[in-house]
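Open the model in a viewer and keep the selection panel at hand. The stops below go from one element to the next, saying what to select and what is there.

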Amino acid sequence: MTSALLSPAKGPATEPLASPLAPISYKAPVAFGLLTLIAVGGFGFGLGSTARTKFSLASKTDFFQLPNFAVPSQFAVIVLCVLMMALTALSFYSALNRHKTKAWLASLFGLSWVLAFMVWVIADKPATWTIPALLAASLSLSIPLVFGSLTGLVCERVGVINVAIEGQLLFGAFLAAIVASVGGSAYWGLVAAPLAGALVGALLALFAVKYWVDHIIVGIVLNVLMTGLTSYLYSTVLSNNPELNKAMQLPKLPIPLLGDIPVIGPVLFRQSLLVYLMYGLIVVLNVMLFRSRWGLRMRACGEHPEAADTVGIKVNRTRIRNTILGGSIAGLGGAFFTVEMGLAFGKEMSAGKGFIALAAMILGRWNPKGAVAAALLFGFANELAQMMGTMNTPIPSNILLMIPYVLTILAVAGLVGQVRAPAAEGGFYRD
Amino acid sequence: MSDKPELPQAPAPKKEAAKTAAKRAAPPPTPGRFTLALKEILAGSWLLSLLAVVLALAVGGVLIAASNEEVQASVSYFFARPGDFLAAVWDVIARAYAALFKGAIFNPDADTWVRSIRPLANTLTASTPLIFAGLGLAIGFRAGLFNIGAQGQLIVGAILGAWVGFAWHLPPVLHMVVALLGAVLGGAIWGFIPGLLKAKTGANEVIVTIMLNWIALYGVSYLLTLDAFHRPGLNNPQTPQIDDNAAFPLIFGASFNTHLGFVLALAATAAVWWLLERSTMGFRLRALGLNPNAARTAGINTQRNYIWALTISGALAGLAAAAQIQGTERSLTSNVAGSYGFDAITVALLGRSRPVGTLAAGLLFGALKAGSYQMQAVTHSVDVVLVLQSVIVLLIAAPPLVRAIFRTPDPEAVRRQKVAAAKAAEAAKTLGTAGTAETAETAGAQVAADGGQTTQAKLATNLRAGQAESRPDRGPVGDSDEGGQS
């Protein structure tokens, strides 16, 4: 009962009750229809009937090798386009019946569109799509985004807007590199990184919760502070003492049986400890956020602090603790840039990933599942663009690199639209 | 919550302030007029800003000293000869800040007067794009829109401005004006997109502007690979130089690099002040920023004003682009925006989203930027300036913290004391001849305590009302500050 009241995704309470029927929204079918038209017009024509697109499902270290295969490009695109038309029709039908387009339908549509695009873009070219490599690199690119978006989630659910994810990632990367170099093992980096993030989180909590400074201002300024601090120390202390900033890499720990599954095994289960920690974190947060006392209390503080206070929850204490916890998650994600990638620390190496993580969290509607899905999707789009950049495709690489950002805007404008943030987010409370 | 009193307690800093107020008001007689005046000055916001700058310089000094090799060497024998350590610390900090001053304001070592004063001109030049972009962001903040997209708006403005500048060939003044308009148009378009999406689909402007920054960056990188945008004979991606006709004239003559853009920035400050404080649209934008629901109820078209706010914001970022292209750079590279778009956020925040404040903050940050290159000789990095900037903004945004550090009085407490003093005087008068000083004192003390409590209660209700909104005062620093003090 309480959880239903406090869960933000449920029922728009303030909507006027003028019409008993939900309005018919043609947004999804129209978007699907346009995308299908693009696919039919753009990918369907111009392919010779003899064109082939090559795919590979094998990874180098596989126990048994799957053969490469080539599909007839034109035929594959036509099949996918027919599927897209069917899905569009289905979506139109459910819109007529005042139903929302289902998530599986949208995912299937997206998958077919991307596949059609992939088939078209290297049709009749010597290049091959190596699916496991594509997926593995996508997962790798999305690691900081997943950690970052979960940080944003924890902080915002408790009522503190965290724009400082970027700074937390950066400082995590910085401290991970230094401590790993000094300690002589990359695992030390995994110990130090969350502490670095927690420190930034503590600063955020100090100013936003204790001193009532606007949360977004603190966040932005902390980003500048961390950029300045790490860049300054990088060009002075670290460049004078290169032994403090060595390239260390976490070893890969293949899981025996799971790692041998074809295609997904090498992608998911031949990873480093950081990635396994990420899996654990996703599962734990998904469960704990909605099914534990901790989750209920923190959501209460983010939705209705007065109510939380009335039942005896110390609102500001909860906020401070969870902001620090959230910071440590992003800090751990920052370890990706140094010890997971096997690089020494470099200036501004988080490169705006923290802001994209923030976008992923909002795109996922403040829900762990959605946030992770958005982060993975972004990683995939980014990797797809980067891979195509090396494949001599008809589209210039700079335009390809824009795609993930354009897609995010389209998704924010088209699919998500008006989202509802935790009600008391960004507010201040006295207790 | 059994221990919760009827009146909600103040947060720690307020509580302390209230306590000190009560302490001061209760036992001693009402403070004299001079003490009050002094306290008022000490509690004023300009002193607070000054103290924040001093504190930031101190933090920067610690950082500079800690990373200096001579200081590090002298630490090893600190207990044997602590004097060496202190001398080394003092030496490096003094040299660093002296270089900052020489690079930003006045260089007494230079051989000619022109060279001595040149740093000041560099500061004005460096602050021009910051002022423009900061003003744009300030408009957004006042309307409750968090526009992070100044970077992208600057880039798109620069693309259009530079293209008009080098590809078109027009007569002298006309060309400059047209190129300027091109840059403004580019920025305005890039601001219009998030405004439209926000108004029509409710898309969060923070995400959209961040994404548009990246799209603009990749867009300019792509354009620079095209033949039309490439300067023949150059290997690095760069456009041809803009025509001399399109460039801004240098206002202090050829020996200084300050260009017409700075005058325009001053004019823009005045224009934005008029727009925000005196025009109907400014009133609507401010209303929107304070409480969008109330604004809508009052009949303000929120959608149209969101679009206007972001479009004007983008247009001002376009002016920053014009300052870069027509003033300093004269040609387009993918790095044309530098970090101006992001620095402008801190400029607008430091200026508390007020036009004149933004102008002052822009000048300060311009000085830091201009001086940082000189300072680099001592600190080996310009990045220490980023630390200075962020600490300044952070401290100015948190007045209670600075007050706690320097133990300056809270303006609210001072105001309460003044009111109490006035009331006590009145009480003494009404008590007439029978009223002794003693009764007047106690009455004053009571009133003071009373006054304190009622303001506290009022503050609590204000805040609760504020919290009912989704984001009470997400925009300007000034507002949150005032909210805390009202």
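**Chain B: a helix pair**

Select α6(B) and α15(B), whose crossing is right-handed. The model is a predicted one. The contact draws on B:Pro119, B:Asn122, B:Thr123, B:Leu124, B:Ala126, B:Ser127, B:Leu130, B:Ile131, B:Gly134, B:Leu135 and B:Ala138 on the α6(B) side. From α15(B) come B:Pro355, B:Thr358, B:Leu359, B:Ala361, B:Gly362, B:Leu363, B:Phe365, B:Gly366, B:Ala367, B:Lys369 and B:Ala370. Coloured by class, the residues of this contact are 14 nonpolar, seven polar and one charged.

For the geometry, show α6(B) as residues 113-142 and α15(B) as residues 355-379: the two axes come within 7 Å and cross at roughly 135°. The two helices are therefore oblique to each other, as the antiparallel class takes angles over 145 degrees.

B:Ser353 is not a glycine, yet its phi is positive, about 60°. Is B:Ser353 buried or exposed? It counts as buried because it has 26 C-beta neighbours inside 10 Å, and 20 or more are enough for that class.

**α17(B) and chain B as a whole**

Next, select residues 399-406 of chain B, which form helix α17. Its buried residues are B:Pro399, B:Pro400, B:Leu401, B:Val402 and B:Arg403. After α17(B) comes B:Arg407, with a positive phi near 55°.

Now show all of chain B. It has 20 helices and zero strands. Of its 486 residues, 52% count as buried. Among the contacts in chain B with a separation of 6 or more, 76% are between residues 24 or more positions apart.

**Across to chain A**

Select the residues where the chains meet: 48 residues of chain A are in contact with 54 residues of chain B. On the chain A side, α7 (186-210), α8 (215-240), α12 (305-310), α14 and α16 (397-416) each supply at least two residues. Which helix gives the most to this side? That is α8(A), with 16 residues. By class, the side of chain A that touches chain B has 30 nonpolar, 14 polar and four charged residues.

Then colour chain A by domain, with domain 1 at 22-126 and domain 2 at 148-377. The C-alpha centres of these two domains of chain A lie 35 Å apart.

**α14(A) and its two partners**

Helix α14(A), residues 353-363, is the next selection, together with α15(A), residues 368-389. Their axes come within 7 Å and cross at roughly 130°. That angle makes α14(A) oblique to α15(A), and the crossing is right-handed. On α14(A), pick A:Ile356, A:Ala357, A:Ala360, A:Met361 and A:Leu363; they meet A:Gly370, A:Ala371, A:Ala374, A:Ala375 and A:Phe378 of α15(A). The residues of this contact are nine nonpolar, one polar and no charged.

A:Pro144, A:Leu145, A:Gly148, A:Ser149, A:Gly152 and A:Leu153 in α5(A) face A:Lys353, A:Gly354, A:Ile356, A:Ala357, A:Leu358, A:Ala360 and A:Met361 in α14(A) as contact partners. The class counts for α5(A) with α14(A) are eight nonpolar, four polar and one charged.

**Two loop residues of chain A**

Select A:Arg365, in the loop between α14 and α15 of chain A. Like any residue here that draws a second look, check its backbone: A:Arg365 has a positive phi of about 55° although it is not a glycine. A:Arg365 is partly exposed, with 16 other C-beta atoms within 10 Å.

The last stop is A:His304, in the loop between α11 (293-303) and α12 of chain A. Leaving aside residues up to four places away in sequence, A:His304 touches A:Ala423 and A:Ala424. A:His304 is partly exposed, as 19 other C-beta atoms lie within 10 Å and burial takes 20 or more. To finish, draw a distance from A:His304 to A:Lys347: the two are 43 residues apart along the chain, and their C-alpha atoms are separated by 40 Å.

How values were computed. Residues are numbered from 1 along each chain as its sequence is written. Chains are lettered from A and ligands numbered from 1 in the order in which they are written. This is a predicted model: local features need pLDDT of at least 70, side-chain atom pairs count only at pLDDT 80 or more; totals for chains, interfaces and linings use all residues. Axes are lines fitted to C-alpha atoms, for helices over the stretch in contact, and angles run from 0 to 180 degrees between N-to-C directions. Helices (H or I, at least four residues) and strands (E, at least two) are DSSP runs, numbered from the N terminus. Angles under 35 degrees count as roughly parallel, over 145 as roughly antiparallel, 65 to 115 as roughly perpendicular and the rest as oblique. A crossing is left-handed if the near helix is turned anticlockwise from the far one by less than a right angle, and right-handed if clockwise. Two residues are in contact if their C-beta atoms, placed from the backbone, lie within 7 Å. Ala, Val, Leu, Ile, Met, Phe, Trp, Tyr, Cys and Pro count as nonpolar, Asp, Glu, Lys and Arg as charged, and the others, Gly among them, as polar. Domain bounds come from an automatic or database domain assignment. A residue is buried if 20 or more other C-beta atoms lie within 10 Å of its own, exposed if 12 or fewer, and partly exposed in between; C-beta atoms are placed from the backbone.
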